[in-house]
Amino acid sequence: MRIPIGYKFIIGFVVVVAAVAFSPRLVGLLGYSAEISNILGYVVAMTVGLILGWAFSKRFTANIGRLTAAAESISQGDLTHDVAIRHSSLPDETHELAELISLMQQNLRDLVGHIKNGSGQLSESAREINSTALEISASTGEVAQAIEQISHGAETQAMMVDKTSKTIREIAISIELVAARARETAKAARETSLTAQHGGALAGESLERMKEFFDHQEMIRHRFDTFNAKLQKVGKIAEFIGDVARQTNLLALNASIEAVRAGEYGKGFAVVADEVRKLADGSARSAADINDMIENLREESRGMHETIQESTRTIREGKKNIDVTASAFQEILKTVLETERKATSIADLSQMQLDGSGKMVKAVDEIAKVADDNATATEQVSAAIEEQLAAMQDMALSTKELAQLAEDLSAAVERFKVSAGEPGAL
Amino acid sequence: MPPGNMNLTSDSGDATFPTLVEITDEELEEIGMVLGLRRHFDLSVYKAKCMKRRVAIRMRSTRCLDASAYCSLLQRNDRELDLLQKTLTIHVSQFFRNPSMFEKLRTDVIPGLFMARERETGFPLRFWCLGCAGGEEPYSLAILLREHFSGNLRRTRTVIVGTDIDPETLQGARQGEYNEDRLRDVPMEIRERYFQHQGTRFVLAPDIREMVTFLQGDITDVGGYLASDLVSCRNTLIYFNRHDQEKILHGIADCLPAGGILVLGKSESLVGSVRPRFTPVCPVERIYRRI
Ligand SMILES: C[S@@+](CC[C@H](N)C(=O)[O-])C[C@H]1O[C@@H](n2cnc3c(N)ncnc32)[C@H](O)[C@@H]1O
């Protein structure tokens, strides 16, 4: 049966008062004198009161003392001792208090144990995360280096592509130049071939004319020969006339001599003979003149013949030259045609080259684009890595703080002793 | 179990841990609009994929399930705007990042720049880091100059400027304090000469800090570019889309004199129509000379 302390006090008080009230009467029964009985009554009453009071308060202070001790050891962090209060058939508040302190102690023990465990684990995890973060930082650094390497490659690539595309563009320009030159050459060759053809035609024509000239010349020579022969015939006739005239002269001379002999009769005859002689003389002179003239003609015609011969020779020379010219033109034509063919094929080839270099430029541009993409990608990775590094640094910092917190927490509960074996802080 | 016993096993429900958020183009645009209005920050110049991932990080952190929820959060909360902007711009950097590049600058590029400047005195020699993050890069340049060109520095006035869009990052740059991981590529003796070790931080020597001026500036604001002799724009272009990369690179070409130097990040390249404006000095290190 639970009796609150207040009631216990009241009961005790009532018992003491009863003892005081009844003790004089009980002492009176002993038969001492009234004065002694009186004193004895007081003594007995006080003794009984003291004994009862002592017995009661001893029990009470013992419990309070135990409670105080328990509270003190809890306050000092020792949670190992249970509050031991003697069992009573009449429990009061001290028993309840003891029970509650026990419960509190149990709860505290649980809490401290939990915190101890938790902060230990926390500190361990924080450390682990911290070292992981540092490790990640380190490996991120390595990745960063690798990326820098790649990026270096990309940069070199970009530069080479730049150079290459410049070179190719230059090549393309010179190819274009070559093509233009080749086209010009082909055109010039075509013009030259036309000129050469024209020249060849002209030379042919000249040759034609020359042949005509030779034909004409031949004819002239022929006519000339005929003329000479006729001239010779005339000469012969003139000679014959001369001969006849000379003989006639001779005859006339004889006749005049004869006439002189014939005298008078022959006088007439002598006149005729003289006349005849005169005529014959005239004829002979004319014949001689003709001969002279023919001789002159012959002289002249020989000169003319020579001149013609001369000019024929010259013209023949000329013909040789024209022949050379014509064949030269022919040669030129051949060469020029060859040149044109070659120039055209160069133009064609360089066009093809131009197409090729265009394709090359396109390819290089594509490579440039890839290099550029590469650069962009590596840059992006680099940014991400930098971000990661920052995150890892933050993480390392906060886990350090976290570990510190856990340590502080652990230090704060360190002074609480939870199990008997473990040393308390105080 | 006693009635007063607590339930200690919390249910590890997934409601508190949203899975990957997918952000559509329209949603990104919506968020970009808020950023543009409130911060004059233009999302559209960056690679969209990257931006989506970055926004998703913030959305998950703030447990916003969709873009409209996140937008209304942005409208209410200036701090979230700051955080978002910081998350969007990635500030990974290192002192002497890609050491071989700095070596190349030292041997092949900077002597020529000084020589040209010493012939026509009067003008300062100007170095400009675009997207300088926490100042690691301009400070590296400053250390390089101090280490190897101290004579030239006495003869020629030299200016190093770093610009970035993120004010918070710039503030850190001006402070010049770094965690060890930013110094991974710094040789030991340089580290000892120019940094002071304080706890977990390394503090940069004040005379190096004084060599660099930091300015806030948007890289897409091509009109506001500084006339320079050497522009280093590394690992910043990677976040931008093609069109704006080209615009930025043309802007840089315009602010460089003939013979001026451009340095890009190791995975970046001269895109499109910009290439003919430069000739490579060292393609491996991405050092180019303005024609
Ligand atoms: C990854 S860091 C580069 C740091 C350093 N240049 C390097 O290579 O180590 C990129 C920087 O660009 C900045 N940035 C991003 N967008 C920008 C913009 N629109 N204008 C200026 N800077 C910007 C970021 O704030 C960030 O600090």
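Arg298(A) sits in helix α4 of chain A, which covers residues 264-414. The model is predicted. Arg298(A) is partly exposed because 14 other C-beta atoms lie within 10 Å, a count that falls between the 12 or fewer of an exposed residue and the 20 or more of a buried one.

**Contact between the chains**

Chain A contributes 25 residues to the contact and chain B contributes 22. On the side of chain B that touches chain A, eleven residues are nonpolar, six are polar and five are charged.

**The ligand site**

Which residues are closest to the ligand? They are Thr89(B), Ser93(B), Gly131(B), Ala133(B) and Ile219(B), out of 24 residues that surround the ligand. The surrounding residues come from chains A and B, so the site is shared between chains. By class, the shell around the ligand has six nonpolar, ten polar and eight charged residues.

**Strand β8 of chain B and its partners**

Strand β8(B) consists of residues 261-264 and is covered on both faces. Ile261(B) and Val263(B) are buried on one side, and Leu262(B) and Leu264(B) are buried on the other. Strand β7(B), residues 230-233, runs parallel to β8(B) and is joined to it by four bridges. Within this pair, Val231(B) has Leu262(B) as its bridge partner. Between β7(B) and β8(B) the chain passes through helix α11(B), residues 242-255, and this β-α-β crossover is right-handed.

β8(B) also pairs with strand β10(B), residues 287-290, in the antiparallel sense. Here Leu262(B) has Tyr288(B) as its bridge partner.

**A three-stranded sheet in chain B**

Another part of chain B holds an open sheet of three strands in the order β3-β5-β4, with antiparallel pairing. Strands β3 (177-179) and β4 (195-198) are the edge strands, each pairing on one side only. On average, neighbouring strands of the sheet are turned by 30 degrees against each other, direction ignored. In the pair of β4(B) and β5(B), residues 201-204, Gln196(B) stands opposite Val203(B).

| Strand pair | Sense | Bridges |
|---|---|---|
| β7(B) and β8(B) | parallel | four bridges |
| β8(B) and β10(B) | antiparallel | three bridges |
| β4(B) and β5(B) | antiparallel | four bridges |

Notes:
Residues are numbered from 1 along each chain as its sequence is written. Chains are lettered from A and ligands numbered from 1 in the order in which they are written. This is a predicted model: local features need pLDDT of at least 70, side-chain atom pairs count only at pLDDT 80 or more; totals for chains, interfaces and linings use all residues. A residue is near a molecule or strand if its C-beta atom, placed from the backbone, lies within 6 Å of it. Ala, Val, Leu, Ile, Met, Phe, Trp, Tyr, Cys and Pro count as nonpolar, Asp, Glu, Lys and Arg as charged, and the others, Gly among them, as polar. Helices (H or I, at least four residues) and strands (E, at least two) are DSSP runs, numbered from the N terminus. Two strands pair if DSSP finds at least two bridges between them. A crossover is right-handed if, with the strands pointing away from the viewer, the path from the first strand over the helix to the second runs clockwise. Two residues are in contact if their C-beta atoms, placed from the backbone, lie within 7 Å. Axes are lines fitted to C-alpha atoms, for helices over the stretch in contact, and angles run from 0 to 180 degrees between N-to-C directions.
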